[in-house]
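Subject: Structure for you to look at

Hello,

Here is the structure I said I would pass on. Please open it next to this message; my notes follow below.

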Amino acid sequence: MREYVPKRGLRSGHLMTMYCWGRPRAFPRLPPPAVRHFEVEPGSRVLAHCHWQADAASHPALLALHGLEGSSTAHYMRGLADKAYARGFNVILLNQRNCGGTEALSEGLYHSGLTADAVHVIDEITREGIDRIVVAGYSLGGNLALKLAGDYGDSPPSSVKGVCAVSPVMELAECVGALERKQNVVYQWNFVRGLKARMRRKNAAYPGRFPIDRLGDVRTVRQFDEYFTAPHFGFDGASDYYHRASAMRVIDRIRIPALVITAEDDPFVPVGPFRDPRLAANTQITLIVTRHGGHCGFVSDAAGVDDGYWAERRIVDFAERAIHAGTLEQE
């Protein structure tokens, strides 16, 4: 596939990011999803929107993970589903705990390194006969996908053939620090607004469970994590959470094919961590750093039937190769 060329007029990372966040997309060829709930642990269920092929067990699956305050309906989730389903994949668009309007389904919260839910889904669909799976994530979901592979280490399940990460926040402290730059105030405001609204809905579902009185003090993602995420999961503050939940802690342990895509002009995912020698030293990782693309953007000028969303195509191409290579290894 040719190298990425940004859509005309979108060579600014900020413009690309805003354009892709705000641009409506439609997917007329994608059938309506089946709704499924996975009980990932007692007291916690997650919602997935699933696009199953006929005779699902005879087809591979793509498990997609969204970003912070996203959901299964995010444009990149549905865009990825559209492309993968058309090429023969079952597609599972998984909501993180409390996302997609599911605050009442789980007693607790979610965090950027909580891979257990994806592991549960993988194990459950594997038991149902789907034994060729690729995991793909965007932003926070990209960190989850890479951390999942690293956590598996030398013993990944045979059903997991590869992982993909687009704009992954794989060094959380640097990304949160970048959010606090003056030029990124709109992103910070948007995330904080969503997080606070979610906690209010969470309080309505589970009154008194969380220190809602602290919401008035929250102005940044870091403050939210300091007051809510870190204490809920037993981290020693936000800094400890960011360190321990980042995929960079386990990037050298990845033993399955991994595709990582990021852009030098991403407004709040600094490119520095992607230059870490541990990525280059891991032969399982294919790293693509483009000059342009913004955050979870990577749209180019459409040509023919293609809608121009380059990273989505790269993921599906990679997934097909990973599935094929994994099948050959088993024969």
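Buried means under 20% relative accessible area, exposed means over 50%, and partly exposed is in between, with a 1.4 Å probe and protein chains only. This is a predicted model, where local features need pLDDT of at least 70 and side-chain atom pairs count only at pLDDT 80 or more, while totals for chains, interfaces and linings use all residues. Residues are numbered from 1 along each chain as its sequence is written, and side-chain values use heavy atoms, with hydrogens and water left out.

S139 sits in the loop between β5 (133-138) and α4 (140-152); helices (H or I, at least four residues) and strands (E, at least two) are DSSP runs, numbered from the N terminus. S139 is buried, at 7% relative accessible area. F298 belongs to the loop between β8 (285-290) and α10 (310-330), and is buried too, at 0%.

D266 is in the loop between β7 (258-263) and α9 (277-281). D266 is buried but has no salt bridge, that is, a side-chain nitrogen of Lys or Arg within 4 Å of a carboxyl oxygen of Asp or Glu. The nearest side chain of opposite charge (Lys and Arg count as positive, Asp and Glu as negative; His and the chain ends are not counted) is R181, 8.3 Å away. A polar atom of the D266 side chain lies 3.0 Å from the backbone nitrogen of V269.

Regards

Methods:
Polar contact = N/O pair within 3.5 Å; in protein donor to acceptor, adjacent residues only side chain to side chain.
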